[in-house]
Amino acid sequence: MKKLLLILTLLFSSSFALDLDTKIGQMILVGFNGDDVNSSEFQKVLDKSKNGEITGVILFKKNIKSKDDLIKMNEELIKNSPIIPLISIDNEGGYVQRYDFIKHKSAKDVAELSTKEARKEYLIMANLLKELKINLNFAPCVDLEINKNSIISTKGRSYGENPNIVTKYSKIFIEEHNKKGIITSIKHFPGHGSVEGDTHLGFVDATRTFKGQELKPYINLKNYDKLNMVMVSHIFNANLDKKYPASLSKKTIKEFLIDEIGFDGVIISDDYDMGAIRKNYSLREIVVNSINAGVNILMFSNNIEIDDDDISTKIKKIIKEELLLGNIKIQDIDNSYNKIMKLKNNLK
């Protein structure tokens, strides 16, 4: 009872509440509609960034009307946010890129280049992202091309089946982005290359197909730089957790990725709006399980079946309620905030 009273006192004291709001906001990344600074949808997300309700945004093709409009939106976010915002994009090259200003090679095609040529390719990409005021790229994809029928293989998203080759080209990608002050995110932990199915659409099980070698790029890259994060997938893998998919799994994230592999940087979820999660779990279940699992930034794209302008407000409310109930620990909020701020400080 005394512990509950202490938590209540802290939560409702003005200084602590403000601090808690800031910390929670840094854990939420969202997508939005709108493709110029005057659109009402952009103004809504700008207000959330101004108020510290989100850590940043993810951009999709729907947000990119022109290079100039994109730059103006990003500049407004940077100028008006109390903490430097993460302005992110999925830009692997090939099948996965969101703008048409230039066509980048896929990972499959880059793996056929010399290291010198690959470096040139990724320097061009990093220079453009820097010009666009984008500071986080959800790439490189370090999934191994094990199953030729997987969406990783059929879309040319892998550097190959050999984890050493994947590591080599991923390092080049990361290095060229880091030179421009752009965060990278290796994905999709613990591995998406051995299984058929698409987590955008629904449940995908890698239990029988998973190979231990899929973890090697994460081991090789775990301490590679200060501007790298890991994206955790929604793949279910009973070898790691018999109950939850990776992005909601304490066994997969805290006990394996953090404790066993030794990754101590920022961990972001793949988009929680994907069918694999939204069709099987409530928003409250997603929030509670992901934070308890060790996810530091929760991503909701508003780009698939759900489009919710108030998603960040709902998440913040859930976190505060579950803190009171003892189902989320304040230490996990503090830990996430500290990791995120350390990462953002390296952007300056």
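**Notes on the helix packing**

1. Helix α12 is followed by G294, and the phi of G294 is positive, near 115°. Helices here are DSSP runs of H or I with at least four residues, strands are E runs of at least two, and both are numbered from the N terminus. Bear in mind that this is a predicted model: local features need pLDDT of at least 70, side-chain atom pairs count only at pLDDT 80 or more, and totals for chains, interfaces and linings use all residues. Residues are numbered from 1 along each chain as its sequence is written, and side-chain values use heavy atoms, with hydrogens and water left out.

2. Back to α12 (residues 283-293): eight of its 11 residues are buried, so the helix is largely enclosed by the rest of the structure. Buried means under 20% relative accessible area, exposed means over 50%, and partly exposed is in between (1.4 Å probe, protein chains only). The buried set is L283, I286, V287, V288, N289, S290, I291 and A293. Their cover includes α10 (250-261), α11 (275-278), β8 (298-300), α13 (311-325) and α14 (330-345).

3. How do α12 and α13 cross? Their axes come within 10 Å, at roughly 65°, and the crossing is right-handed. Axes are lines fitted to C-alpha atoms, for helices over the stretch in contact, with angles from 0 to 180 degrees between N-to-C directions. Right-handed means the near helix is turned clockwise from the far one by less than a right angle, left-handed anticlockwise. On the α12 side the contact (heavy atoms within 4.5 Å) uses L283, R284, V287, V288 and I291; α13 brings I311, K314, I315, I318, I319, E321 and E322. By class that gives eight nonpolar, no polar and four charged residues.

4. K320 also sits in α13, and K320 is partly exposed at 27% relative accessible area.

5. The largest nonpolar core has 94 residues, and F189, I319 and I333 have the most contacts inside it. Such a core is a set of buried Ala, Val, Leu, Ile, Met, Phe, Trp, Tyr and Cys residues joined through side-chain atoms within 4.5 Å. Leaving out residues up to four places away in sequence, I333 touches L20, K23, I24, M27, I291, I319, L323 and I328.

6. Elsewhere, α3 (residues 40-50) and α4 (residues 67-80) pack at about 25°, with axes 9 Å apart. The contact is made by F42, L46, S49 and K50 of α3 with M73, E76, L77 and N80 of α4.

Terms used: Nonpolar A, V, L, I, M, F, W, Y, C, P; charged D, E, K, R; others polar.
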